[in-house]
Amino acid sequence: MVLLAMVEKNKSLTFTREIFCVGGGAIITLTDDLMTLPSNRSFFTALLQYTHNRSLQKGKALHAQIIKSSSSCVYIANSLVNLYAKCQRLREAKFVFERIQNKDVVSWNCIINGYSQHGPSGSSHVMELFQRMRAENTAPNAHTFAGVFTAASNLVDAAGGRLAHAVAIKMDSCRDVFVGSSLMNMYCKAGLTPEARKVFDTMPERNSVSWATMISGYASQKLAAEALGLFGLMRREEEGENEFVFTSVLSALTLPELVNNGKQIHCIAVKNGLLSIVSVGNALVTMYAKCGSLDDALQTFETSSDKNSITWSAMITGYAQSGDSDKALKLFSSMHLSGIRPSEFTFVGVINACSDLGAAWEGKQVHDYLLKLGFESQIYVMTALVDMYAKCSSIVDARKGFDYLQEPDIVLWTSMIGGYVQNGENEDALSLYGRMEMEGILPNELTMASVLKACSSLAALEQGKQIHARTVKYGFGLEVPIGSALSTMYAKCGCLKDGTLVFRRMPARDVISWNAMISGLSQNGRGKEALELFEEMQLEGTKPDYVTFVNILSACSHMGLVERGWGYFRMMFDEFGMDPRVEHYACMVDILSRAGKLKEAIEFTESASIDHGMCLWRIILGACRNYRNYELGAYAGEKLMELGSQESSAYVLLSSIYSALGRWEDVERVRRMMKLRGVSKEPGCSWIELKSGVHVFVVKDQMHPQIGDIHVELRRLSKQMKDEGYEPATDSFSAVL
């Protein structure tokens with residue numbers, strides 16, 4: 001009697017082998033001894049059925065009967081290993097496997113394929129088993145190599161897979177189409193597409209899985225041209241394409257300039273009658289969304305007759321990534337009303353939409369919903385939640401989400417550190433980064449960029465230099481975003497020499513890099529060089545953005561270049577089509593105010609077509625005091641009072657002006673208004689970095705360990721200033737209150 005022992009079975013791009021199923025493949029001839037034992041035949045047949053149905057409890061009961069009957073047969077033992085492996089009970093499978101006295105190649109294949117289907121956690125076991133198999137002089141066959149290559153595709157290091165490849169070549173197993181496809185998949189997942197293509201080109205026989213695997217490999221590396229070229233070659237050499245090939249090639253099209261290629265493939269899918277397949281429709285929606293063609297994505301979405309959660313997720317994510325977050329939330333609401341259960345990918349897209357809108361209330365509703373559906377343990381969902389809460393200034397909730405996961409990955413660490421930086425909690429960001437280092441988590445470029453930004457905000461030069469050293473240690477170059485963050489850090493810390501050195505060594509500079517350097521020069525009294533760098537930026541073809549103009553207008557303000565400032569202000573709209581924002585109006589008011597053109601500044605403010613709130617009047621008020629133009633200062637101050645300012649500085653300045661004018665009734669009125677509105681003067685805070693330590697000082701704070709020595713030194717300095725003729729100003733707010 002002959003049994004067909006193995007059959008190939010593929011689903012999408014996942015390679016598996018069903019063991020002991022009737023079909024094509026290797027042939028196992030059962031011995032006459034087995035034939036003459038009806039119990040063995042019945043055990044064997046029952047095990048096949050239980051394995052096919054994944055009936056673990058019935059299989060265990062049958063295992064007990066086999067033990068009780070003292071049946072000893074390698075085919076039965078192999079079937080038991082296969083049963084437990086298919087039911088994801090690898091511990092039991094390994095237990096049975098180790099007790100097989102005379103293991104044959106099928107024994108090894110059962111346990112190897114069982115572990116290979118268990119993801120990354122089982123892959124290392126597969127490589128160990130493969131080495132043991134060779135050490136025990138059992139020759140692997142094509143089915144062995146398929147399992148080994150599947151496991152190797154889940155490992156970071158491709159060395160084990162390369163070794164298995166060499167053995168497969170020696171044993172002439174690479175001619176098997178299934179082995180070749182598995183081998184290609186391994187190389188593609190390792191990012192080694194040239195090696196994968198070599199395997200593909202030398203395959204004597206290819207099937208649809210082979211083509212789809214290679215095209216998908218190109219797509220994963222964003223090699224759209226190569227994916228399209230191979231798709232065209234397949235159409236010339238093969239009679240028809242299946243859905244796997246279409247979804248693979250469509251996944252390679254992610255840029256606006258590739259949308260026409262996507263439309264051509266869409267037409268071919270229509271011609272081949274594949275639009276009724278849900279995965280193809282989903283791939284088309286995703287392709288159009290990623291290419292920025294949301295109208296086509298929506299049309300494809302609406303004409304889809306069978307929408308599943310992936311279809312909805314693709315459209316929702318497309319809206320969120322394109323900045324149409326309101327539409328993303330509305331579509332999610334429609335999905336909920338349609339009774340479609342969202343997946344974790346749906347929630348990620350919706351949460352990202354809430355992040356972009358700063359919609360904390362909607363975000364919390366989505367959070368409650370995903371908790372109800374049991375998605376709180378998904379790492380991608382929790383990362384999106386942490387990012388959302390951080391962007392909505394709910395940093396405490398963000399930290400709760402971070403702490404909820406016992407083993408956060410690098411993306412979650414980066415999101416939490418970045419959240420602290422976004423909310424000005426820079427000390428907490430550095431502290432969390434320190435903990436991350438202690439736990440041995442390797443940072444990525446975004447992590448280091450966030451940490452460098454924290455150092456910039458704190459003007460912590462020494463810590464910034466240490467982080468710079470670590471970027472070198474981890475092998476990060478000066479590309480964006482590391483280069484931009486480093487040049488910004490050095491510039492903000494006043495170390496322009498090092499900032500310029502980093503800036504000039506960057507292989508490519510984006511607008512953020514230019515802005516950082518221009519801002520650093522402007523803030524450190526080198527306005528002329530800042531304006532020269534702006535001219536260089538334009539010559540290199542980098543288009544300035546809103547931040548660029550804030551920086552150059554600020555440089556003009558510090559240098560007193562009124563006419564040049566007007567020129568840059570007009571340039572925004574005339575040459576680059578940008579409408580000036582509040583920040584640019586504030587810079588122009590500052591330029592005019594610093595130059596003593598206070599009336600012109602007031603006229604400019606009152607004629608401004610933009611809603612500027614109170615910031616422009618605040619600038620004018622400060623300038624009027626500096627120029628001792630108390631009448632205009634009182635006018636600007638009263639404007640702030642009318643607008644209901646809640647900043648103590650406005651009341652301080654206006655009170656000082658009225659005090660200088662001798663208008664004591666107005667002084668009292670401002671004081672009463674300040675008290676009535678609940679405005680209190682915030683204590684001043686400053687810090688200084690000395691010997692790798694940051695010393696923080698707050699007004700009336702006596703907690704510093706060296707406060708006694710500090711007071712002694714202050715008294716000495718005060719006496720020295722008085723001895724040299726220094727007289728304090730008499731119009732300060734402290735003299736009034």
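The model is a predicted one, where local features need pLDDT of at least 70 and side-chain atom pairs count only at pLDDT 80 or more, while totals for chains, interfaces and linings use all residues. Residues are numbered from 1 along each chain as its sequence is written, and side-chain values use heavy atoms, leaving out hydrogens and water.

Let's begin with the overall picture. The protein chain contains 41 helices and six strands; these are DSSP runs, with helices being H or I of at least four residues and strands E of at least two, numbered from the N terminus. Its C-alpha trace spans about 120 × 65 × 50 Å along the principal axes. The radius of gyration is 35 Å, well over the 27 Å that the globule rule gives for 737 residues, so the protein chain is more spread out than a compact globule. (The radius is taken over C-alpha atoms, and the rule is 2.2 Å times the number of residues to the power 0.38.)

Now zoom in on two helices. Helix α10 (residues 177-189) packs with helix α11 (residues 193-202) at an angle of about 165°, their axes 8 Å apart. Axes are lines fitted to C-alpha atoms, for helices over the stretch in contact, and angles run from 0 to 180 degrees between N-to-C directions. This makes α10 roughly antiparallel to α11, a label for angles over 145 degrees. Where do they touch, with contact meaning heavy atoms within 4.5 Å? On α10, Gly180, Leu183, Met184, Tyr187 and Cys188 take part, and on α11, Thr193, Glu195, Ala196, Val199 and Phe200.

Note on methods: Angles under 35 degrees count as roughly parallel, over 145 as roughly antiparallel, 65 to 115 as roughly perpendicular and the rest as oblique. Contact means heavy atoms within 4.5 Å.
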